[in-house]
Amino acid sequence: MAWRPYPRTLTPLHASPASSPRPAPSAAAPPAGGRGGTGAGRAPDALRRLPAAAARVPGRAASAVRRWWERTPRERRGPVLIAVAACLLTLWLTPYGTLIGAVALAGAVAWQGRARSAEAADGGPGEAERARLQTLYEALVPHLSLAGDPRPRPLYAHDGDWRRAFTAFAFTEEGRLSHLRLRYPPHLGDGDPESRARLQRLLCDKAGQGREYRFAWHEETGELSLTALPPLPAGVCAQRFATAPGETVLGFTDLHTARRTVPVTGDDGERRDLPPVVWRTGPRSAEPHLLVLGRPGAGATTLLRSVALQALGHGEVLIVDGGGAGEYAFLAGRGGVLAVEPTLAGALSSLEWVTRETERRLLAANRARQTGRDVPEDVCRPLWVLVDRPSALSRLARSEGQRDPQDLLQVPLRYGRAVRVTVAVADRFEGAAGLAAAVRSHTRARVVLGPATPDQVRAVLGEAPATTPPPRVPPGRGYARLGTGPVHRLQVPATPDPYDEEASEPQRRAVMELLTGPMASAGRRTLR
Ligand SMILES: Nc1ncnc2c1ncn2[C@@H]1O[C@H](COP(=O)(O)OP(=O)(O)OP(=O)(O)O)[C@@H](O)[C@H]1O
């Protein structure tokens, strides 16, 4: 297989530390920006940390002022502003007032940062942080101590020391635990999923609700690390992503699980580099077809729309809308869109054409190879078959005594990869039982959207996520797994139906901008 370098617009992660979001902390290194330390007495590097700590002081003072302002009741904000303005005016009018004000401000800022700088300088946690670690340690003692433990100094004991148990930790600027690495005793049974789940639940409760956490078990060293994850980037609209041909962005994920970033523009117009989940299709792909499952309203249709808009840049698209709600109607008649079929009859005839077209392409490719000629262009042009809610169509077909449209997906699913025919299927959880065996066995790129239990995620992706469920699940939020790769957290870009009046104007406009022009009647192909 030929090695293909990154296109210049794509950024390998290691190449742009300055412009990328900060990497999540590894188990050995607490997160940059958070304040961390080791409990086991690593050598303090005070001199190195002091300038950095001093540089953070104004930032801390500013966030203290912001927190104070947010806590101030609305009715008191006006008088407070007037008092501040009066003080500033007095200083302005007093001889040397500006200078006195500046010195006083610098003094206040230095005072605010003094205690914390001292802590940061010796690398140790502050008083509040020590108290949090102590509370966490005491909560772990009943779970991790052993009655009648013969060892003279067990890791976890009521009069024990958290410094021996916690080998690394870090706190956020707000004083919340952001990273912890702890040693666990051998009797925990780290091979037992129930023991693991119990300890993880306890740690989540004690580390603070309302965030997602990633757990990593290090069985060789008997350590467990917990890392608080920031929310995934929301507010990314549909747009032309910087990808190579054959690559589709399913959504965005965490920096530590992605291999690169792509530049994107948020709906506020701000440009950022974000780590995408990239799905590769085509003859070399190990996951040439996609299955999306989720609860109603979780965003499965949105993901198929996003795939369709990206596919239109390089190939032709045929859509079967089993939901029949007209959520793809805006694509009908656009350049590159072969058909949008909301009815059973239309779905059957279009999918029959797809079967014939796949077979035609296979024969043409075979003949070209046998005669040593190039494969014809019409065989290489990607063909995308997007099927939304096939289980609903199958049910309808059964009740009407017609052929199951999913039977017609067998050929493209089995043989389509070699001739660039890609199938993406979306359905609801309750429709999963109605998916044909071919759909289930040939869709190795998988996405789960919306609220789902770890067991539901495992049932679809083959593995539960290593992260805890998000406290609030926005539309388009879920998990993705490509083949046997890791389970990624996923946020799908907002790609609404541009005629959906409830969608935000910038998001609808973004979709309209990606639409190809109407197809000229001369270019229309008949699928019947
Ligand atoms: N990634 C996203 N970002 C922002 N909004 C989204 C996203 N995904 C979905 N939505 C919004 O959530 C709503 C439901 O989305 P969508 O129709 O895609 O869900 P669905 O899973 O197909 O639901 P159903 O099965 O009921 O059709 C829509 O209003 C849509 O605009």
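User: What makes β11 and β15 a pair, and how many bridges join them?
Analyst: Two strands pair if DSSP finds at least two bridges between them. Strand β11 (residues 290–294) and β15 are joined by 5 bridges and run parallel, so by the rule of at least two bridges they pair. One of the bridges has Leu293 facing Asp427 of β15. Strands here are DSSP runs of E with at least two residues, and helices are runs of H or I with at least four, numbered from the N terminus.

User: Before we go on, what kind of model is this, and how are residues numbered?
Analyst: The model is predicted: local features need pLDDT of at least 70, side-chain atom pairs count only at pLDDT 80 or more, and totals for chains, interfaces and linings use all residues. Residues are numbered from 1 along each chain as its sequence is written.

User: Which sense does the pairing of β14 and β15 have, parallel or antiparallel?
Analyst: Strand β14 (residues 383–388) pairs with β15 in the parallel sense, over 6 bridges. Trp384 has Thr422 in β15 as its bridge partner.

User: Why is β15 called largely enclosed?
Analyst: A residue is buried if 20 or more other C-beta atoms lie within 10 Å of its own, exposed if 12 or fewer, and partly exposed in between, with C-beta atoms placed from the backbone. In β15 (residues 421–428), 8 of the 8 residues are buried, so the strand is largely enclosed by the rest of the structure. Val421, Val423, Val425 and Asp427 point one way, Thr422, Ala424, Ala426 and Arg428 the other.

User: What makes the largest nonpolar core a core, and which residues have the most contacts inside it?
Analyst: The term means a set of buried Ala, Val, Leu, Ile, Met, Phe, Trp, Tyr and Cys residues joined through C-beta atoms within 7 Å. The largest such set has 77 residues, and Leu303, Ala308, Ile319 and Leu386 have the most contacts inside it. Helix α7 (residues 300–311) gives the most to this core, with 7 residues. A second, separate core of 25 residues includes Leu155 and Leu203.

User: How do you know what Ala308 touches?
Analyst: Contact requires C-beta atoms, placed from the backbone, within 7 Å. Leaving out residues up to four places away in sequence, Ala308 touches Val317, Ile319, Leu331, Trp384 and Leu386.

Technical notes. Two residues are in contact if their C-beta atoms, placed from the backbone, lie within 7 Å.
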